[in-house]
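Reader: I have a chain open on my screen and would like to talk it through. Can we start with the terms and then go element by element?

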Amino acid sequence: MANDSIYNIAQHNSARTYVKNSIVFINVSVNNQPSANPIVFGNGYEQRIQNGIYNTLIKIDLSFDMRNDLEARSILHFLQARKGTESFIMKHLPSIYSDGSYKKRFYCANFTSNFVFHDNHSVKATFIETNN
């Protein structure tokens with residue numbers, strides 16, 4: 001299950017149900033916060049050194065709005081199965097955030113779901129990029 005993507009696999013009634021590869025993000029907010037180690041010298045002089053090779057990992061806040069029961073169940077199952085610890089690959093990042101053919105790995109820090117109306121759900125999630 002480590003190679004399964006939020007886009008194409010779900011568990012439904014203990015049987016695998018494949019959903020369309022068209023789960024679209026309605027609202028995407030990306031936070032970049034480069035990690036640097038400051039070194040403070042005398043007379044107010046400070047030097048900053050990047051922390052590691054990949055020091056600009058991104059945090060993405062996503063909204064899956066207007067999802068039917070099956071889509072919402074699939075998304076929630078995917079997130080619950082990873083329990084905030086197992087990382088996964090996001091295959092279809094907006095092109096501005098992707099690095100060519102390099103596949104970025106994320107884990108879900110938190111998520112919420114809202115029942116809007118009959119067969120209409122909203123799922124909000126925070127994905128944080130990780131190196132492993």
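Author: Terms, then. Helices (H or I, at least four residues) and strands (E, at least two) are DSSP runs, and their numbering starts at the N terminus. Bear in mind that this is a predicted model.

Reader: Fine. How many helices and strands does the chain have?

Author: There is 1 helix, and there are 9 strands. Read from the N terminus on, the elements go β-β-β-β-β-β-α-β-β-β.

Reader: What is the strand order in the open sheet of 5 strands?

Author: The order is β3-β6-β9-β8-β7, and the pairing is antiparallel.

Reader: Which ones are the edge strands?

Author: β3, residues 27–32, and β7, residues 88–89. Each of them pairs on one side only.

Reader: How many bridges join β6 to β9?

Author: 7 bridges. Strand β6 covers residues 58–67 and β9 covers residues 120–130, and the two run antiparallel. As an example, Ile 60 has Phe 127 in β9 as its bridge partner.

Reader: And what holds paired strands together in general?

Author: Strands of a sheet pair through backbone hydrogen bonds, in either a parallel or an antiparallel way.

Reader: Which strands does helix α1 touch?

Author: Helix α1, residues 69–82, packs on the sheet and touches β6, β7, β8 (105–117) and β9. The direction of α1 makes about 30° with that of β9.

Reader: Changing topic to the backbone. Where does Asn 43 sit?

Author: Asn 43 is in the loop between β4 (36–40) and β5 (46–50). Its phi is near 60°, which is positive in a residue other than glycine.

Reader: Is Asn 43 buried or exposed?

Author: Exposed: the relative accessible area of Asn 43 is 87%. The cut-off for exposed is over 50%, so Asn 43 qualifies.

Reader: What about Lys 83, what is its phi?

Author: Phi of Lys 83 is near 55°, again a positive value in a residue other than glycine. Lys 83 lies in the loop between α1 and β7. With a relative accessible area of 67%, Lys 83 is exposed.

Reader: Now the whole chain. What percentage of the residues is buried?

Author: Buried residues are 30% of the 132 in the chain. The chain exposes about 8,600 Å², and carbon and sulfur atoms supply 50% of that.

Reader: And what share of contacts joins residues at least 24 apart?

Author: 57%, taken among contacts in the chain between residues at least 6 apart in sequence.

Note on methods:
Residues are numbered from 1 along each chain as its sequence is written. This is a predicted model: local features need pLDDT of at least 70, side-chain atom pairs count only at pLDDT 80 or more; totals for chains, interfaces and linings use all residues. Side-chain values use heavy atoms; hydrogens and water are left out. Two strands pair if DSSP finds at least two bridges between them. Contact means heavy atoms within 4.5 Å. Axes are lines fitted to C-alpha atoms, for helices over the stretch in contact, and angles run from 0 to 180 degrees between N-to-C directions. Buried means under 20% relative accessible area, exposed over 50%, partly exposed in between (1.4 Å probe, protein chains only). Accessible areas come from the Shrake-Rupley method with a 1.4 Å probe; for residues, only the protein chains shown count as cover.
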